[in-house]
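Reader: I'm new to this one and would like a guided look. Could you take my questions one at a time?

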Protein chains: 2
Amino acid sequence: MGTAFDLSLYLVTDPGLTAARGLVPTVEAAVKGGTTLVQLRDPKAHGRALVEQARALKALLAPRAIPLIINDRLDVALAAGADGVHLGQDDIAPADARAMAGGRLIIGLSVGTPQELADSDLAGVDYLGVGPVKVTGTKADAGAAIGPEGLAAIRALTALPLVGIGGIDAGIAGEVIRAGADGVAVVSAICGAPDPEAAARQLRDAMARAR
Amino acid sequence: MGTAFDLSLYLVTDPGLTAARGLVPTVEAAVKGGTTLVQLRDPKAHGRALVEQARALKALLAPRAIPLIINDRLDVALAAGADGVHLGQDDIAPADARAMAGGRLIIGLSVGTPQELADSDLAGVDYLGVGPVKVTGTKADAGAAIGPEGLAAIRALTALPLVGIGGIDAGIAGEVIRAGADGVAVVSAICGAPDPEAAARQLRDAMARAR
């Protein structure tokens with residue numbers, strides 16, 4: 001593992017939802033509101049554009065000591081000097097990513113069910129993204145919603161830090177924390193909010209009340 | 001640069017065209033027919049599947065000392081122990097790839113016009129893929145066809161080894177060599193042929209007559 005990280009409020013970017021405000025201004029507002037970690041996710045973007053986006057985010061986040069994670073593309077993460085990579089079950093295997101990254105990167109892995117957890121090689125994995133907690137419109141290939149109870153079932157099976165992800169907003173964030181998550185990962189609840197800073201603060205407040 | 005390489009007959013795989021026969025059997029037949037270099041290209045595949053395909057091809061090609069190049073995904077190339085990566089103008093910049101790969105990998109770059117060549121940072125680039133020579137059905141985002149004369153114009157501007165690519169078959173391969181290419185890169189002419197071994201041999205014969 002590389003940088004220390006705090007999973008409390010984990011922002012995942014979405015190119016459609018950040019288009020109007022702009023990627024960097026959206027993330028900057030979210031960080032002002034208390035976002036603790038940022039994942040750049042843009043599955044349709046090419047490598048060069050991703051590296052450029054990642055460098056722009058890195059310039060914003062590094063002085064604030066907020067880790068930047070890149071979705072899927074380990075090569076982009078290494079090229080841009082990002083702090084980590086988040087891998088889905090169809091992406092490069094975490095052990096392969098760890099072999100390439102050495103100790104430099106935080107490596108996250110998505111798991112949706114206890115079976116998927118059992119089938120995953122967790123060597124080199126630093127944290128888990130668990131979900132989808134609710135049905136989500138921002139990830140077409142996400143599995144069936146598992147609810148906070150599904151997250152609690154996975155929580156019972158691993159000591160790794162984990163965030164709940166998928167359709168999480170301030171209304172359910174507290175329940176996700178009570179189910180055992182170390183934090184929540186959100187897309188629409190911040191990127192799609194009229195005021196991303198206020199939205200981040202509401203999520204933090206909802207989690208603080210639940211802890 | 002890593003391994004020595006021979007660009008004479010450069011096979012680029014296509015998932016649709018190799019589906020019936022299978023990826024590895026198609027490449028094996030092409031190699032028997034005289035293919036000198038193989039690029040794995042499957043833009044829609046996820047990282048884990050690409051790594052598996054690359055390892056299967058590596059097991060076939062390494063004993064025959066035929067380099068394996070991965071399209072676009074430097075992380076996949078490194079994870080699978082491939083010999084190189086081929087980058088388009090929208091992919092990670094060659095200099096970034098070289099910084100990550102060190103001296104381990106052959107790095108190829110696509111260029112379509114003299115202007116694109118002039119605008120490219122060629123530090124770390126080992127060879128160029130120049131085209132599309134003809135209109136092609138296997139690459140939706142390829143630019144306008146440049147013909148052998150367009151390739152000759154680029155040939156005059158660089159000392160880098162280069163292959164012509166895009167719609168090349170045995171009928172035009174000789175003309176591409178006479179225009180100054182070190183070899184031809186083909187997709188359909190081998191992957192879509194009823195007998196990939198014979199198709200590769202025909203391409204080699206056509207180029208031998210032109211040299």
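Reader: How much area is buried between chain A and chain B?
Author: Keep in mind that this is a predicted model. The size of an interface is often given as the accessible area lost when the parts come together. Of the area lost here, carbon and sulfur atoms give 50%. The buried area between chain A and chain B is about 1,700 Å².

Reader: Which residues of chain A lose the most area to chain B?
Author: Three residues stand out, and together they make up 33% of what the chain A side buries. They are R48(A), D75(A) and I92(A).

Reader: How many residues of each chain are in contact with the other?
Author: By class, the side of chain A that touches chain B has 10 nonpolar, 4 polar and 8 charged residues. As for the count in contact, chain A gives 22 residues and chain B gives 22.

Reader: How many salt bridges does the rule find across the interface of chain A and chain B?
Author: Take R55(A) and D96(B), whose side chains meet in a salt bridge. Their N to O distance is 3.0 Å, and the rule asks for a nitrogen within 4 Å of a carboxyl oxygen, so this pair qualifies. Across the interface of chain A and chain B, the number of salt bridges is 4.

Reader: Which elements give two or more residues to the side of chain A that touches chain B?
Author: Let's start with the polar side of things: 13 residue pairs are in polar contact between chain A and chain B, both residues being at pLDDT 80 or more. On the chain A side, the elements that give two or more residues are α3 (47-61), α4 (74-80) and α5 (94-101).

Reader: Now inside chain A: at what angle do α2(A) and α10(A) pack?
Author: Helix α2 of chain A covers residues 23-32, and its axis is 7 Å from that of α10(A). α2(A) passes α10(A) in a right-handed crossing. The packing angle is about 35°.

Reader: Which residues make that contact of α2(A) with α10(A)?
Author: They divide into 4 nonpolar, 1 polar and 3 charged. From α2(A) come T26(A), A29(A), A30(A) and K32(A). From α10(A) come P196(A), E197(A), A200(A) and R201(A).

Reader: What about chain B: how do the axes of α2(B) and α10(B) cross, and is the crossing left-handed or right-handed?
Author: Here helix α2 spans residues 23-32 and helix α10 spans residues 196-210, with axes that come within 7 Å and cross at roughly 35°. The contact is made by T26(B), A29(B), A30(B) and K32(B) of α2(B) and P196(B), E197(B), A200(B) and R201(B) of α10(B). The crossing of α2(B) and α10(B) is right-handed.

Reader: Back in chain A, how many nonpolar residues has the contact of α8(A) with α10(A)?
Author: The axes of α8 (residues 170-178) and α10 (residues 196-210) come within 8 Å and cross at roughly 35°. On α8(A), the residues in the contact are A170(A), A173(A), G174(A), I177(A) and R178(A), and they meet Q202(A), L203(A), A206(A), M207(A) and A210(A) of α10(A). Apart from 2 polar and 1 charged residues, the contact has nonpolar residues numbering 7.

Reader: Which peptide bond of chain A is cis?
Author: Most residues other than glycine have a negative phi, and most peptide bonds are trans. In chain A, look in the loop between β6 (127-130) and α7 (147-155), where P132(A) lies. With omega near 5°, the cis bond is the one from G131(A) to P132(A).

Reader: And where is D72(A), with its positive phi?
Author: This residue is other than glycine, yet phi of D72(A) is near 70°. D72(A) is found in the loop between β3 (68-71) and α4 of chain A.

Reader: One more: which residue forms a salt bridge with E28(A)?
Author: A search of the whole structure finds 16 salt bridges over all chains. E28(A) sits in helix α2, and its partner is 36 residues apart from it, in the loop between α3 and β3 of chain A. The closest N and O atoms are 3.8 Å apart, and the partner is R64(A).

Methods. Residues numbered from 1 in each chain as written. Chains lettered and ligands numbered in written order. Heavy atoms only, no water. Contact = heavy atoms within 4.5 Å. Buried area = accessible area lost by both parts, 1.4 Å probe. Polar contact = N/O pair within 3.5 Å; in protein donor to acceptor, adjacent residues only side chain to side chain. Helix = DSSP H or I, 4+ residues; strand = E, 2+ residues; numbered from the N terminus. Nonpolar A, V, L, I, M, F, W, Y, C, P; charged D, E, K, R; others polar. Axes fitted to C-alpha atoms, helices over the stretch in contact; angles between N-to-C directions. Left-handed = near helix turned anticlockwise from the far one by under 90°.
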